[in-house]
Amino acid sequence: MFFDRTFILLIPAIVISFWAQAKVSSTFEKYSRVRSRSGYTGADVARMILDASGLRDIPIEIIPGKLTDHYDPANRVMRLSPEVFHGDSVSSIGVAAHESGHAIQHKLHYVPLQIRNSIVPVVNFSSSASWIIFFVGIIFSIPILAKVGVILFAAVVVFQLITLPVEFNASSRAVEILESRSILMGDEVKGARKVLSAAAMTYVAAALMAILNLIRLIVISRRD
């Protein structure tokens, strides 16, 4: 099967993805056992950062799950998982500060974030439609459809690449704020940085997977 032979292209990304997920889980768990000296919870820290940034109108809600934390720019809402919301660990505080970093990006009209938000509707369509259109083009020998599928999937790659500076910037903002405001101190800051660095690797892995999948589609489409 020609689809199976190209799967080998994805092996590096698959390996890195498994490693990244294991790394973020183990690092988060390690520093979730380290309570901060300040005693602040993730919700406390998020509220402090948002208020200090002139974002008092942004509510902080609890969302079910583990590591489901995110800032919703469309509704201007911060959502934290129960462990982060209530937790006073280095991990909880680091994640809460990171999500607050996204809210600050939104307020400052951080260009990569604006670009990412603007293409979300396109990517939501492309991520599913691209494969269907591509495979229909291949199966029924309609080159133009296969090409359209490749182009649509390229939008997914662009989204993943733009996500990288957005995530890295939010993490750097978070660490800087935590350290400058003495919310975390000494080794606690190093721990938070490790948690956020591990989380960032999952986005690197996702970008690599998208790139290799795009290469895979191109290779398949060019076969006689």
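A pocket is an open set of points on a 1 Å grid over the protein atoms alone where a 1.4 Å probe fits, with protein on both sides within 12 Å along at least five of seven lines; its lining residues have an atom within 4 Å of a point. The views show a predicted model, in which local features need pLDDT of at least 70 and side-chain atom pairs pLDDT 80 or more, while totals for chains, interfaces and linings use all residues. Residues are numbered from 1 along each chain as its sequence is written, and side-chain values use heavy atoms, without hydrogens and water.

**View A. The largest pocket has a lining of 24 residues.** Nearest its centre lie Asp 69, His 98, Glu 99, Glu 167 and Tyr 203. The space in this pocket is about 520 Å³, taken as the volume filled by probe spheres set on the points, which are joined across faces, edges and corners. Two or more lining residues come from each of H2, strand S2 (70-72), H5, helix H6 (111-139), helix H7 (143-180) and helix H8 (187-221). H8 gives the largest share, 6 residues. The lining comprises 12 nonpolar, 7 polar and 5 charged residues (nonpolar: Ala, Val, Leu, Ile, Met, Phe, Trp, Tyr, Cys and Pro; charged: Asp, Glu, Lys and Arg; polar: the others, Gly among them).

**View B. Helix H2 (residues 11-32) packs against helix H5 (residues 90-107).** Their axes, lines fitted to C-alpha atoms over the stretch in contact, lie 6 Å apart at an angle of about 120° (angles run from 0 to 180 degrees between N-to-C directions). Thr 27, Phe 28, Tyr 31 and Ser 32 of H2 meet Val 90, Ser 91 and Val 95 of H5, contact being heavy atoms within 4.5 Å. By class, the residues of this contact are 4 nonpolar, 3 polar and no charged.

**View C. Three strands form an open sheet in the order S1-S3-S2, with mixed pairing.** Strands pair if DSSP finds at least two bridges between them. Strand S1 (60-62) and S2 are at the edges with a single partner strand each, so one side of each has no neighbour in the sheet. On average, neighbouring strands are turned by 30° against each other, direction ignored. S1 and strand S3 (residues 77-80) run parallel, joined by 3 bridges. Opposite Glu 61 stands Arg 79 in S3. H5 packs on the sheet and touches S2 and S3, its direction making about 25° with that of S2.

**View D. The whole protein has 8 helices and 3 strands.** These are DSSP runs numbered from the N terminus (helices: H or I, at least four residues; strands: E, at least two). Their order from the N terminus is α-α-α-β-β-β-α-α-α-α-α. The C-alpha trace spans about 65 × 35 × 25 Å along its principal axes.
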